[in-house]
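Thanks for coming, everyone. Please have a look at the model on the screen, and then I'll walk you through it.

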Amino acid sequence: MTTQKITELQTALEEMMTRIDSGDDISDQLISIHQLSTEIESSAPKMLTHYLQRRSYTKALDFLKDYNSI
């Protein structure tokens with residue numbers, strides 16, 4: 001899992017949360033999150049994969065924020 005992919009995934013998740021709060025369409029973010037999830041699945045930490053597979057996007061975002069602070 002590269003730093004670039006982590007950043008892209010975190011950005012997509014943050015954008016989706018912002019759009020949800022404002023009532024905007026999130027379909028582009030969902031597609032992006034799915035694509036990124038597929039790309040990093042083999043090298044991502046198990047908990048992150050778990051959150052993404054179960055569409056627990058808030059937990060995935062929290063995980064990435066904590067992961068980036070290490």
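**Charges, helices and rings**

Let's start with a charged pair: Glu15 and Arg19 form a salt bridge, with their closest N and O atoms 2.9 Å apart. A salt bridge here means a side-chain nitrogen of Lys or Arg within 4 Å of a carboxyl oxygen of Asp or Glu. Both Glu15 and Arg19 sit in helix α1, four residues apart, about one turn of the helix. An α-helix has 3.6 residues a turn, so residues three or four places apart point the same way. Glu15 is partly exposed, at a relative accessible area of 33%. Arg19 also counts as partly exposed, at 27%. The cut-offs are these: buried is under 20% relative accessible area, exposed is over 50%, and partly exposed is in between, using a 1.4 Å probe and protein chains only.

A quick word on the source. This is a predicted model, where local features need pLDDT of at least 70 and side-chain atom pairs count only at pLDDT 80 or more, while totals for chains, interfaces and linings use all residues. Residues are numbered from 1 along each chain as its sequence is written, and side-chain values use heavy atoms, with hydrogens and water left out.

Back to the charges. How many salt bridges does a search of the whole structure find? Three. Another one joins Glu8 to Lys5, with the closest N and O atoms 3.8 Å apart. Glu8 and Lys5 both lie in α1, three residues apart, about one turn of the helix. Lys5 also bridges to Glu39, and there the closest N and O atoms are 2.6 Å apart. That pair links distant parts of the chain: Glu39 is in helix α2, Lys5 is in helix α1, and they are 34 residues apart. Glu8 is partly exposed at 29%, Lys5 at 24% and Glu39 at 46%. Through shared partners, salt bridges join Lys5, Glu8 and Glu39 into one network.

Now helix α1 itself. Helices are DSSP runs of H or I, at least four residues, and strands are runs of E, at least two, numbered from the N terminus. α1 covers residues 3-22, which is 20 residues. The expected span is 1.5 Å times one less than the number of residues. That should give 28 Å, and the end C-alpha atoms are 29 Å apart, which agrees. After α1 comes Gly23, whose phi is positive, near 80 degrees.

Which residues of α1 are buried? They are Ile6, Leu9, Gln10, Ala12, Leu13, Met16 and Met17. They cover an arc of only 160 degrees around the axis, which puts them on the same side of α1. The arc is taken from the directions from the helix axis to the C-beta atoms. On the face turned away from that buried side are the exposed residues Thr3 and Gln4. What covers the buried residues includes α2 (27-40), α3 (46-53) and α4 (57-68).

In soluble globular proteins, nonpolar side chains tend to be buried together. A nonpolar core is a set of buried Ala, Val, Leu, Ile, Met, Phe, Trp, Tyr and Cys residues joined through side-chain atoms within 4.5 Å. The largest one has 17 residues, and Leu9, Leu13, Ile33, Leu48, Leu52 and Tyr57 touch the most other members. α1, α2, α3 and α4 each supply at least two residues of this core. The largest share, six residues, comes from α1. Take Ile33: leaving aside neighbours within four places in sequence, Ile33 is in contact (heavy atoms within 4.5 Å) with Leu9, Ala12, Leu13, Met16, Leu52 and Tyr57.

Last topic: rings. The whole structure has two aromatic pairs. In one, the rings of Tyr51 and Phe63 have centres 6.4 Å apart and planes at 65 degrees, so the pair is edge-to-face. Rings of Phe, Tyr and Trp (its six-membered ring) pair if their centres lie within 6.5 Å; planes under 30 degrees apart count as stacked, over 60 as edge-to-face and the rest as tilted. Tyr51 is in α3 and Phe63 is in α4, twelve residues apart. The other pair, Phe63 and Tyr67, is stacked, at 6.0 Å centre to centre and 20 degrees between the planes. Tyr51 is buried at 17%, whereas Tyr67 is partly exposed at 33%. Ring pairs link Tyr51, Phe63 and Tyr67 into a cluster.
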